[in-house]
Every structure is written in C-alpha cells, then in structure tokens.
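Welcome to my notebook. I jot down here what I looked up, one entry at a time, so please keep the structure open beside you.

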Amino acid sequence: MGAGLYFFLSKALKTVQFAGLADVSISEDIPVEGEITVPVGSHSPEDDFSTLDEPVKDTIMRDLKAVGKKFVHVMYPKKSSALLRDWDLWGPLVLCVSLALMLQGGAADSKDDGGPQFAEVFVIIWFGAVVITLNSKLLGGTISFFQSLCVLGYCVLPLTVAMLVCRLVLLAGAGTVSFIIRLIVVVAMFAWSTLASTAFLADSQPPNRKALVVYPIFLFYFVISWMILTFTPQ
Amino acid sequence: MAAADDLKFQANPGATTISIDEPVQIPKNQRSRLQEPGREEDDELLGTDDSDKTELLAGQKKSAPFWTFDYYQTFFDVDTYQVLDRIKGSVFPVPGKNFVRLYIRSNPDLYGPFWICATLVFTIAVSGNLSNFFIHLGKPTYHYVPEFRKVSIAATTIYAYAWLVPLALWGFLMWRNSKVMNIVSYSFLEIVCVYGYSLFVYIPTAMLWIIPERVVRWVLMMFSLCLSGSVLVMTFWPAVRDDNRRIALATVGTIILLHALLSVGCLAYFFDAPEVDFPAPIIPAHNGTTVITKSVNKVTMPVSPSVQ
C-alpha cells in the first residue's frame, strides 16, 4: 500500500516537474488514502531525565534549594513568579509545624484557658488558608488553588521569625519593656506578611474586587499575630 | 432614521422588529407616581414597582446546577463598592427604606455575611481578652491567659445565630405565606444577607466595649441594638404586616428578642464585669473555678473551666 502510494506520488511529481507549473492539473480521481508515517529519528534529546538513578542527597538538596529560594522570595517580595509557578507545600508545612510547636507554652497540662493547642494552630492556619483561597476563587480570581495555598503558607515566614524573637525576648524577662519590643516586632512582621502575600496574590484578582480579597488575608495574619503576641509561658 | 433602523435587531427579514423602548417607560411612570407627595411609604418599603423585574432577573441568574463551582460564584458577584454600600446601609438605616429592596435588589451575596461574622467572632474574642486584661491589670494574683477557648465558643454562637435564625425565620415566613397571601416574600439568601449585614454594627461596638465602665457598655449596647434591630424590623415588617395582627407582632418581637439576647449574652460572657470596689482575694476552688466572693453591685460570673 505504501509502495503504491509512493508510485502514484512520484508519477504526479514528475508530471509537475516536467510539464511546467501552468499545466498543473490534478485530476480528482487520484485516491488519497493510506498511512503517512513520519520517520522518527532517535536524535531527539531526552527531555525529562530519570531521577531514580541519582543519589538521594541530590533529590533532597534540590527540593531544599527550591524551598529556600521561595523563603528568600518571601523575605524580599518582588514581582517574581517563582512562588506561583512551581508551588510546593513543604515550606508551609514546616512553618506551620514550627509555629505551632513554639506556641506551646507548657499550658497543655493545666486546665486554664490557655493559649491555643497544637491542633488549633494547625487548623486555623490550614483551614484559614483554604477559606481565603476559596474566597478569592469565588470572587473571580484566576490563581489556582494550590498556588494560593503555597503563597499564603510561605508568607507565614515573617511571623514565624517574630515568634522566635518573642520567645528569645521572653527568656530575658516578661516586663513592660519586653512587651513593647514584642509588640513592635510582631506588628512589623504582620505588616511584612500581609504586604508580601498581597504583592503575590493581588494581580490575579479582578480590579474592582481587590479590597474584598485583601481583607480576609489581613484578618488571617492578624489572628496569627494575635496568637503570637499573647503568648505567655507558664 | 436610517441609523435607528440599522441599530434595531432583526432576527430574519420576515420577522417584525422588536423595539426595546416601550417596556422601559412603564416602570419610569410608576416611579414618578411614587414620588408624589402624600404617597404612602409602604410602597417604597415594598418596592412593588420593580419586584416583577427583579423576580425575573433572579430567576435568570442562578441557572448553573448546584454541584458546579459556577453556581456558588453567583453568590459572590459583588464589587467592593457594593459591599461598602450595603454596610453603610446597615449602619445608617434610613427610616422607611427597606434594606433588601434598596441594597440587595435580588443580588444577595454570601461574602458580606460570612466575613462580617468572622470579623465579629475575632473582634469579640480579642476585645474581651483585652478588656479583661485591663480590668485585672494591677492585681498581684492575676496571671494573664489568652483565653483561646473562647474563640471557638464565639464562632459557634455567632455563626449559629447568623445561619440558623434566618433558616427558622424563612421557614416560618414560607409557612405563613401558604396561609395568607403576602405581597412581599424573601428568599433564604436575602434573609441571610440582612442578618449578616445587620451584625456589622456590633464590630465597632465590641471594640468600644473594652472601656471598663458599666454605664458606657449598656448605652453602647442599646444604641447598636436599636440600629441593627431597626434594619431587621424595617425589612420584616412588610412581610408579616398582612398577617394576623398578633402573629405579626409576635414575629417581629421574637426577631428583636433574639437579637437582644445575642448582644447581652456576648457582653456577659466575653467581657468581665468592671469592678466598682476593691474585691476580696480570689479564692480558687479545687476544680479550677474561681468565684469572686465579695462584691457590692456586680454580677458574679464563675469562670468555668474549658469544656473539652
């Protein structure tokens, strides 16, 4: 079948070549059928290399470097799309767990109305991020679900740093001076978090609804900042 | 005139062209009649002139099936200025204007109710914590606790109020509608919207409740109750007015009573009473409850342990 097609085509081509272009007329009863196979060369480069053969250290270091690069992007928020393009949830998980651990002040044993439990912090951060993402998508945002979760989770980094600073300050004392230092640090980090996440997320929203999307983010980081500021060790 | 003819839509050469000019003029005539002096304010409350149009529009909007994402997107079809307008309308209720007809106009949204309730939950919890901190500040036996358990209690209370009470009210109004033909009927989402936006005035009220003066707190509560209650009353009075007089009054009375219960309950539970005189030392009981023993004119509120 392929040979027959080839024969037909070669005859037609020869007719075209020798008869001149003015005389080209292709009769309608040439059957056009058969399979057209494109010869596949084996020279095309392998696009995705197999990651099964590399040492484990390389795999882990690659992911760690990606997470670290995103941390840097959060601390110096410029309009880069690295956070949005290749999202991952490792960073948010690490930040959330460390924040929840640091908020444990040893009040787990007492029956007083203490600070938030580990599960409460976890639920607030993840459930809050999911609700804010759903809110922005329902208002017509074009960002994807996990990208938004990624951004909101990574922007908890300044507040985690604030929590670390607060715990260190509380080691030195718990008076008014330490409270003022903690207040300034937490307020500054809260502003940083909100501005960083707004810088990443605001572009994907319709322009007349930006404030509707930014306000829940403000509330989310305000609640986390409140939990950090009111932390008192037992 | 050739330009006007070109602009008219022609489905096919044989069909008659439909001019869209005439139907628009009818509501305009009705509106000009409404603005005559001496007209009852009821029709402004009811908004019967454009209720047909708005019912049609409401039917056309939500056409996506309920298991798709687009269905829920129709409930968030508001812009920033619309949300701000609705909040303004709930804080400054114009006497005689129905909140639903004036602001909602068959575009009920879920953004306002949800986020106003969330803000109110955290405002009440944070303000209560702050006010307790300032009240007990100088005492040597006081140890500050963040009282995080109260956030979940506040959330449960406020979200239950903002969603279950409208559900019950809607069911009740539907039931009465089947018995007495009412001119005005509201959909469930419109009732949720009214309740959600009417709770907005409690947010600045809760922030001002930090002031540890009993008189100030009760004055604030009365003021905010009047504002948000009037929004609710002006919305629901036209819906029950045609009914039996006693049932109408009982319905409106129940609405106000539940609203008052919410605010009084929040004030009593989240905000400790400011003390007028020096209290006796706090005696901790063996299971963690603390009872302030001696007081002249304050409510003794036992601080109960958290319910696990």
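**Ground rules.** I note first how axes and angles are taken: an axis is a line fitted to C-alpha atoms, for helices over the stretch in contact, and an angle runs from 0 to 180 degrees between N-to-C directions. Helices (H or I, at least four residues) and strands (E, at least two) are DSSP runs, numbered from the N terminus. The model is a predicted one, in which local features need pLDDT of at least 70 and side-chain atom pairs count only at pLDDT 80 or more, while totals for chains, interfaces and linings use all residues. Residues are numbered from 1 along each chain as its sequence is written, chains are lettered from A and ligands numbered from 1 in the order in which they are written, and side-chain values use heavy atoms, with hydrogens and water left out.

**Entry 1: a helix pair in chain B.** I looked at helix H10 (residues 188-198) and helix H12 (residues 214-240) of chain B, which pack at an angle of about 160 degrees with their axes 9 Å apart. That angle makes H10(B) roughly antiparallel to H12(B); by the cut-offs, under 35 degrees is roughly parallel, over 145 roughly antiparallel, 65 to 115 roughly perpendicular and the rest oblique.

Which residues make the contact? I found B:Ile191, B:Val194, B:Tyr195 and B:Ser198 on H10(B), and B:Ser228, B:Val231, B:Leu232, B:Thr235 and B:Phe236 on H12(B). Contact here means heavy atoms within 4.5 Å. I sorted these residues into six nonpolar, three polar and no charged. For that sorting, Ala, Val, Leu, Ile, Met, Phe, Trp, Tyr, Cys and Pro count as nonpolar, Asp, Glu, Lys and Arg as charged, and the others, Gly among them, as polar.

**Entry 2: chain B as a whole.** I find 13 helices and two strands in chain B. Buried residues make up 42% of its 308 residues, where buried means under 20% relative accessible area, exposed over 50%, and partly exposed in between (1.4 Å probe, protein chains only). Of the contacts in chain B with a separation of 6 or more, 71% are between residues 24 or more positions apart.

Entry 3: I checked the span of helix H8 (residues 111-135) of chain B: at 1.5 Å a residue, its 25 residues should span 36 Å, and its end C-alpha atoms are 36 Å apart, which agrees. The expected span is 1.5 Å times one less than the number of residues. Because 20 of the 25 residues are buried, H8(B) is largely enclosed by the rest of the structure.

Is B:Glu147 buried or exposed? It is buried, with a relative accessible area of 15%.

**Entry 4: chain A.** I count nine helices and zero strands in chain A. Buried residues make up 37% of its 234 residues. Seven of the 10 residues of helix H6 (residues 145-154) of chain A are buried, so this helix is largely enclosed by the rest of the structure.

Entry 5: I found A:Ser136 in helix H5 (residues 118-138), buried at a relative accessible area of 4%. Leaving aside residues up to four places away in sequence, A:Ser136 touches A:Gly141, A:Ile143, A:Gln205 and A:Val213. A:Leu195, in helix H8 (residues 176-201) of chain A, is exposed, with a relative accessible area of 62%.
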